[in-house]
Amino acid sequence: MSDIRLNAIFKTFGTTEVLRGIDLDIRAGEFLTLVGPSGCGKSTLLRIIAGLETQTSGDVEIAGTPVNHVRASDRDLAMVFQSYALYPHLTVRQNMATPLVLRDLTFWERAPIVGHALPGRRPKVKSLHAAVDDVAQVLKIEHLMDRKPGQLSGGQRQRVALGRAMVRKPVAFLMDEPLSNLDAALRVHMRSELAELHRSLGVTFIYVTHDQAEALTMSNRMAVMMDGDILQLGAPDEVYDDPKDRRVAEFVGSPKINMLPGRADGHGRVAALGAPLHRHVGLQDQDVTVGIRPEHLQLTTTQADNEGWPFRVTHKENMGADFFLHGTVNGSNHRMVARARPEDVAEVAIGHDVFLRAQSGKAMVFGGDDRRVYFAEGA
Amino acid sequence: MNNQVHPVREAIKHAVLILGALIVILPFYVMVSYSLKSPHEIESNTGGFFGAQEPMVDEYCVKLGNPRDACVETPVVYNYTQAFKKAPLLRYLLNGILVTASIFIIQVLVALPCAYALSKLKFWGRDFVFGLVMFCLLIPVHAIALPIYIMLAKIGLTNTYASLVIPWTISVFGIFLMRQFFMTVPDDLIDAARMDGMSEFSIIWKVMLPTAVPALLAFAIFSVVAHWNDYFWPRVAITGNRDLYTPPLGLREFKGDADGSIWGPMMATATIIVTPLIAAFLLAQRRFIEGITLSGMK
Amino acid sequence: MAQGSHRAAYGFIAPAVFLMIAILIAPVVIAAALSFTDYSLGNAGFDWVGLENYDRMVSRSTYTKMLSATALYVLTVVPISIALGLGAALLINSVKRFGDIYKTIYFLPVMAALLAMALVWEFALHPTLGMINNTLASGCGTWIEAFFGWHWLPWADDAPSWFENGCASGFPLWFGDKDYSLWTVAFIGIWQAFGFNMVLYLAGLTSVPRELYQAAAMDGATTAWDRFRLVTWPMLGPTTVFVVTITTIRSFQVFDTIEAITQGGPAKSTFVMMFAIYEKAIQHNLMGMGSAITVVFLGFVLILTFVQRHLVERRVHYS
């Protein structure tokens with residue numbers, strides 16, 4: 001069990017800064033997700049941890065030892081690639097055995113003909129095949145062991161790639177968008193399998209994805225990255241409920257959070273698109289942005305106390321358990337999405353005018369610099 | 001993975017590559033250098049790359065009764081003028097252009113309609129014809145040169161331009177290549193052309209041909225390089241009649257009387273024959289490499 | 001409209017089908033038939049001689065020498081030109097700069113008329129005037145001779161080295177010496193062919209996914225050899241099968257260098273099949289014998305291509 005620590009990692013390609021000083025402590029045994037839009041630097045960061053790329057500056061430490069100059073294969077990490085990167089000419093068994101063969105057999109023992117004659121080879125091969133079989137059993141791929149990757153489905157290849165990573169019993173698994181090549185149904189299924197696998201192995205998982213749903217569903221902690229920085233690091237519910245940055249709030253959650261232009265007046269009272277929030281912030285006379293998640297909007301047919309926004313329904317999206325109402329606010333072009341239970345919207349049809357109001361205390365205010373601004377207590 | 005360049009290892013790699021490049025370049029160097037030198041410099045292996053370019057007397061010119069002063073030339077001028085005087089090199093070059101161009105044009109005229117029919121039209125026996133194409137791909141034309149020669153001799157066509165062109169009129173590889181290319185052209189495009197009232201014949205030349213230009217260009221390079229440089233078939237088909245010689249046959253004639261004085265003009269002829277393709281290659285490398293390695297697309 | 005396409009299609013394929021049958025299929029049949037005769041051009045008729053022509057090929061020394069010279073040539077040129085092509089591709093792929101320049105230079109021989117370059121090589125390797133032997137001879141009596149004498153090596157014996165022999169009694173005649181001629185011709189074949197193979201391998205290398213190398217690095221393939229064994233070589237399998245086939249078929253067809261330089265000699269040491277067909281049939285008018293050689297030649301080519309197709313479908317087809 002060992003922690004992985006990143007200190008001030010910078011990476012530049014030519015003149016472009018891909019990573020701008022990443023500090024990150026990855027606790028032993030946790031499932032940490034690096035999530036962000038494409039180009040945010042998450043894959044580069046993972047490759048730097050793996051040792052496949054060298055950082056421009058900064059340190060990577062594993063279990064307290066700097067590994068900046070340690071080769072990828074000697075860092076005791078295993079990686080699952082987006083394309084799985086299975087060796088197409090080798091069978092599943094040989095694919096899974098490869099890391100062990102390269103680690104445990106000497107150069108001469110690996111040589112084509114000479115190697116087979118060496119006495120030390122047989123017991124080693126036997127024990128590594130036993131290790132491969134154990135992993136195959138865990139992943140339920142014993143019946144595929146003699147096939148080649150070309151003969152497997154996407155999901156099966158995914159398992160083999162996991163198997164190849166598992167046989168080494170590494171201190172951490174690095175996964176680079178491992179589910180993105182699977183179809184939607186299998187992807188959802190594999191999420192829970194990966195989470196279960198993590199629990200049963202108890203080893204660190206560092207998982208890179210652009211899909212916020214994967215980050216929310218699987219990880220212990222998630223790091224939301226944008227433009228080479230980590231904007232927020234925390235447990236999924238923390239990040240979802242309490243985003244510290246407007247970009248995090250917009251990135252996490254589906255459907256997306258509603259963002260309305262607002263203003264804080266001379267007393268710090270905030271109003272968005274004409275509707276007051278009845279809360280104060282520590283800003284005066286400034287433009288702000290008000291975010292409200294779709295599930296935090298309430299539907300009313302009448303307007304009370306000038307609260308809430310007149311809302312014209314343009315589309316009703318039936319999700320089965322819930323409805324999403326899409327529409328425009330206050331006669332403006334601002335679109336909002338609200339989640340509602342089916343019984344609440346049975347009477348609402350497209351083209352109807354209703355009112356939306358934010359649940360008390362659920363709105364979030366972001367300043368001009370995108371940082372979160374908290375409401376003053378007791379107001 | 002290490003992204004840094006290891007300077008020593010890099011230097012060794014370059015040393016090996018440079019050594020290889022020198023060996024590859026050597027005959028080109030010899031060819032061009034000898035084409036610039038006087039016979040004396042060639043025999044004594046002196047004069048460096050360009051030769052001293054001291055004016056020399058053309059003895060043959062003197063023998064023809066010209067005054068000695070009028071027969072003085074620098075070696076480079078001597079070699080290159082002799083290349084055209086000793087043998088009708090210009091005629092050979094024109095023959096070469098005529099033959100390679102005819103071959104390519106006929107190959108396209110035969111292959112394009114066939115490829116179109118095989119890829120886009122349904123007709124009884126299509127699979128059989130495609131099977132025939134695939135089988136014929138196995139037969140190298142050089143290997144069956146002898147029976148083709150016998151057939152041409154029987155109908156009295158040896159020693160004609162036709163005999164230089166006929167064996168190459170059918171390029172099964174061209175058919176195969178064009179068919180593969182046409183398979184990628186959407187059927188909708190052809191149906192749209194039909195809706196516009198085009199005949200199948202004009203679809204081939206007005207719709208398919210323009211879309212196939214890149215593939216056709218690569219095939220043109222493949223075909224022209226092969227037939228400009230071909231020596232075996234012209235050697236077999238043309239016996240004696242110098243008027244029909246292609247450039248390689250013409251060059252080969254120099255070897256008959258190989259005394260030292262002829263080497264300069266001979267190397268000049270070789271340089272003239274090799275230069276067009278090399279120059280074209282240097283100008284359009286990517287296309288040439290694509291064209292020459294076309295057969296790798298199978 | 002469907003009716004129209006039908007009729008048009010037959011018009012479109014007719015010229016190609018006619019030419020395929022007349023120029024490719026018919027000659028194969030004719031060659032097969034004539035190989036059992038003693039046919040000559042100009043003679044009114046011919047006699048069936050059964051397997052006599054084939055029998056000669058395995059009994060007469062001229063033809064056994066032909067088969068062995070062809071086999072030696074092919075077995076020399078194919079492996080060496082492929083190894084050099086692969087080596088050049090790997091080196092060019094791994095250097096940081098100037099890779100394109102090497103690629104261009106190595107490809108030049110593929111573009112140049114082989115006949116012209118054969119004549120140039122003949123001059124360069126001329127025993128007395130050629131620059132190769134002159135250059136070698138200029139090393140005699142200098143430190144170069146001492147170096148290539150190898151006597152400074154601790155395990156060297158007193159026997160004169162190749163270079164010392166050359167200085168003492170003249171460097172090889174190359175094309176004029178039956179111990180050297182085939183290897184010298186093969187050298188030109190390799191010189192001409194390896195750039196082609198290199199280009200095919202370079203194309204093959206670009207299609208190897210980068211993630212596979214990264215996976216290999218994670219799995220512990222730390223040396224260049226490990227990476228080559230685990231990723232590069234297997235991934236180049238399809239390219240290699242193709243390169244082997246095309247290089248073999250091409251080197252079977254070697255003719256230009258032989259006809260221009262050695263005429264099959266000395267002592268039939270370079271009497272390869274294409275030249276044998278040319279000499280026996282075209283020059284000596286022995287059409288029956290020439291046809292028999294043609295048939296054997298076609299047999300080799302067909303077998304090779306079938307083996308290639310089989311390999312491509314079975315072994316190296318991964319996806």
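User: Where does P255(A) lie?

Analyst: P255(A) is in the loop that runs between α10 (246–251) and β11 (258–264) of chain A. Those labels are DSSP runs counted from the N terminus: H or I over at least four residues makes a helix, E over at least two makes a strand. Keep in mind that this is a predicted model, where local features need pLDDT of at least 70, side-chain atom pairs count only at pLDDT 80 or more, and totals for chains, interfaces and linings use all residues. Residues are numbered from 1 along each chain as its sequence is written, while chains are lettered from A and ligands numbered from 1 in the order in which they are written.

User: What kind of peptide bond joins S254(A) and P255(A)?

Analyst: The bond between S254(A) and P255(A) is cis, with omega at about -5°. Most peptide bonds are trans, and most residues other than glycine have a negative phi.

User: What is the phi of A8(A), and where is the place of that residue?

Analyst: A8(A) has a phi near 45°, which is positive in a residue other than glycine. You'll find A8(A) in strand β1 (residues 4–13) of chain A.

User: Why are α2(A) and α6(A) called roughly parallel to each other?

Analyst: Helix α2 (residues 92–104) of chain A and helix α6 (residues 154–166) of chain A cross at roughly 30°, with axes that come within 7 Å. The axes are lines fitted to C-alpha atoms, for helices over the stretch in contact, and angles run from 0 to 180 degrees between N-to-C directions. Under 35 degrees counts as roughly parallel, over 145 as roughly antiparallel, 65 to 115 as roughly perpendicular, and the rest as oblique. The angle of roughly 30° is therefore in the roughly parallel class. The crossing of α2(A) and α6(A) is right-handed (near helix turned clockwise from the far one by less than a right angle; left-handed if anticlockwise).

User: Which residues in α2(A) and α6(A) meet?

Analyst: From α2(A) come V92(A), N95(A), M96(A), T98(A) and P99(A), and they meet V160(A), G163(A) and R164(A) in α6(A). Contact here is a distance rule: the C-beta atoms, placed from the backbone, lie within 7 Å. By class that's four nonpolar, three polar and one charged. For the classes, Ala, Val, Leu, Ile, Met, Phe, Trp, Tyr, Cys and Pro count as nonpolar, Asp, Glu, Lys and Arg as charged, and the others, Gly among them, as polar.

User: What makes α4(B) roughly perpendicular to α15(B)?

Analyst: In chain B, helix α4 (residues 75–86) and helix α15 (residues 263–283) cross at roughly 75°, and their axes come within 8 Å. That angle is why α4(B) is labelled roughly perpendicular to α15(B). Among the residues that meet are Y78(B) and K86(B) in α4(B), with P265(B) and I272(B) in α15(B). The contact of these helices has seven nonpolar, four polar and one charged residues.

User: And why is α1(B) called oblique to α15(B)?

Analyst: α1(B) and α15(B) pack at about 130°, axes 7 Å apart. This angle falls in the remaining class, so α1(B) is oblique to α15(B). Their crossing is left-handed. The contact includes M31(B) and Y34(B) in α1(B), which meet residues such as W263(B) and M267(B) in α15(B). The tally is seven nonpolar, three polar and no charged.

User: How is chain B divided into domains?

Analyst: Domain 1 is 7–76 and domain 2 is 89–297, with bounds from an automatic or database domain assignment. The C-alpha centres of the two domains of chain B lie 34 Å apart. Their contact takes ten residues from domain 1 and eight from domain 2. On the domain 1 side, α1(B) gives the most, with four residues.

User: How does the radius of gyration of chain B compare with a compact globule of 298 residues?

Analyst: Chain B has 25 Å, whereas such a globule would be near 19 Å. The radius is taken over C-alpha atoms, and the globule rule is 2.2 Å times the number of residues to the power 0.38.

User: How many residues does the contact take from chain B and from chain C?

Analyst: It takes 75 residues from chain B and 77 from chain C. α1(B) supplies the largest share of the chain B side, 15 residues. That side divides into 56 nonpolar, ten polar and nine charged.

Terms used:
Contact = placed C-beta atoms within 7 Å.
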